[in-house]
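Biologist: Could you walk me through this model and tell me what stands behind each label you use?

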Amino acid sequence: MKATYRLGLYWYRRDLRISDHKILRTASQQCEAVLPCYVLSTWKNEHAWTGPNRQQFLCDCLASLDANLQTLGSRLVVRQGSAVDALRRLIVESGADALYYQRDPDPFGKAVEHEVQRLCEELGVKVHAMRDVSLHSPEEILTGGQLPYRVYTPYSKNWLAQPKEKPVPKLEKLHTPPHPASDPLPSLATWGLAASAAQLLPAGEKAARQRFREAIQQRIGHYADRRDLPSIDGTTRISQDLRFGLLSLRSIYEATHLAMMDAPAPMRSHHHTYLKELAWREFYFAILHFFPEVLELEFSPSWRGLSWDEPDEKLIAWQQGRTGFPIVDAGMRELLATGHMHNRVRMIVAMFLTKDLHYDWRLGESWFMRHLIDGEIASNNGGWQWSAGTGADAAPYFRIQNPWSQTSRFDPEGIYIKRWVPELTKVPAKLFQVAPTNGKPIAADYPMPIVDHNTERLKTLEIFQKHKEGQR
């Protein structure tokens, strides 16, 4: 079949793989040659939505991607600058007559896409933008009245009922011209960042595939029972791999579905529970798509203008894992040490910040984004607003998790807590489940709780009730 274009520029964004890559494969079929590229952002030293953990993971992913492309006879061209300026230079230097890329689910990426579209119209370059970050676009999963869902459960039922695309074959080769030249692969110095102290997971497509293989073989078959227990490896641990597109949703869905069909009937509910988690991810993509104001405002208009306390030293204690609430501190220290936090614990620490400390959820949202390697704007925002009681299908404001009873339910033996808070290693686990009553800390070098949960719970109810009455 004769190629449609002489040279296609493939703009990598958050799809850093070569396997099951529908858009890259399309480019290879339509173009005589394909030039893969990645454009590095220009900010320096500090950013509200990322930090050294995720940027180091990105650097390692790009190095892996370049090596993988070379096995196909290709290479990765790296440039730094605004996307429009960098792509303009590459189009002019290479003579590309087509541009391919994956559509971004967040409003910042969409704004850049509009500018790139205008650039390509100016230069006479054909644009092929495709959806591949999710199994379904937001417009595909709508209510019977063709409106966006605001509640997860009916969304997930519709999502699960829709047919899913099959994985596409891996490319065997990709012809790429020797010019133009590439800038060096990035390091943290590219953004003026110091080395991360966190022990990050191995990056790259091969490591991601291995993680998912282990999840299918060892964990997804018990997912519903073990996913909420932070002391064990009960989750898939591929959230960062989804964030950077090291794995394809098509492959994940198909492998999980096939494993479910092969499993004994009593165990299939575990696989189904995991598939519903994929639906949660796309539910939050849809919320961000239809209601982009959630990045600035509460999803529920009735909770906009809530009175939050001004942050003080208690915010620093939360950030450092020194609140005197062992389960909270364990989660925050896991985040600092690994760039990851168990999902159940994310809910606990988020509700503690918003309901026990009465701090604006946006403070926690930003802190998570700066430290998590899997920081996903839509899911992170959705999770924080859920915990605050202000978001789509959120926990009601009067449902306030008690960190002591949450510990009793999900870490009764204190295994997770002792892993991340070493000064509590020799403390009996039962002391992690109730607030100290004798006025003394549970360990000599561990702080007293910075607040009384029961007192703060009543204050939260009063704050929300007062605001609710003021809306009438």
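Biologist: How many bridges join S1 to S2, and do they run parallel or antiparallel?

Modeller: Seven bridges join S1 to S2, and the two strands run parallel. Strands here are DSSP runs of E with at least two residues, helices are runs of H or I with at least four, and both are numbered from the N terminus. Two strands count as paired if DSSP finds at least two bridges between them, so with seven bridges S1 and S2 are a pair. Tyr 5, for instance, stands opposite Cys 31 in S2. Before we go on: this is a predicted model, where local features need pLDDT of at least 70 and side-chain atom pairs count only at pLDDT 80 or more, while totals for chains, interfaces and linings use all residues. Residues are numbered from 1 along each chain as its sequence is written, and side-chain values use heavy atoms, with hydrogens and water left out.

Biologist: What makes S3 and S5 edge strands?

Modeller: Strand S3 (77-80) and strand S5 (126-130) each pair on one side only. The open sheet has five strands in the order S3-S2-S1-S4-S5, with parallel pairing. Within this sheet, neighbouring strands are turned by 25° against each other on average, direction ignored. S1 (residues 5-12) also has S4 (residues 98-102) beside it, through four bridges, and Gly 8 stands opposite Ala 98 there.

Biologist: Which helix lies across S1, S2, S3 and S4?

Modeller: That is helix H3 (residues 83-94), running at about 155° to S1. Such angles run from 0 to 180 degrees between N-to-C directions, using lines fitted to C-alpha atoms, for helices over the stretch in contact; contact means heavy atoms within 4.5 Å.

Biologist: Why is Cys 37 called buried?

Modeller: Buried means under 20% relative accessible area, exposed over 50%, and partly exposed in between, with a 1.4 Å probe and protein chains only. Cys 37 has 0%, so the label buried applies. Cys 59, at 5%, is buried too. In S2, nine of the 10 residues are buried.

Biologist: Why are Trp 318 and Phe 368 called a stacked pair?

Modeller: Rings of Phe, Tyr and Trp (its six-membered ring) pair if their centres lie within 6.5 Å; planes under 30 degrees apart count as stacked, over 60 as edge-to-face, and the rest as tilted. Here the centres are 6.5 Å apart and the planes lie at 10°, so the pair is stacked. Trp 318 is in helix H11 (residues 313-320) and Phe 368 in helix H14 (residues 361-371), 50 residues apart.

Biologist: What makes Tyr 397 and Phe 464 stacked?

Modeller: Their centres are 5.3 Å apart and their planes at 0°, so they are stacked as well. Tyr 397 and Phe 464 are both buried.

Biologist: What lies over the face of Phe 464?

Modeller: Lys 355 does, at 5.6 Å from the ring centre. A charge sits over a ring if NZ of Lys or CZ of Arg is within 6 Å of the ring centre and within 35 degrees of the ring normal. Likewise, the charged end of Lys 164 sits over the ring of Trp 159, 4.4 Å from its centre.
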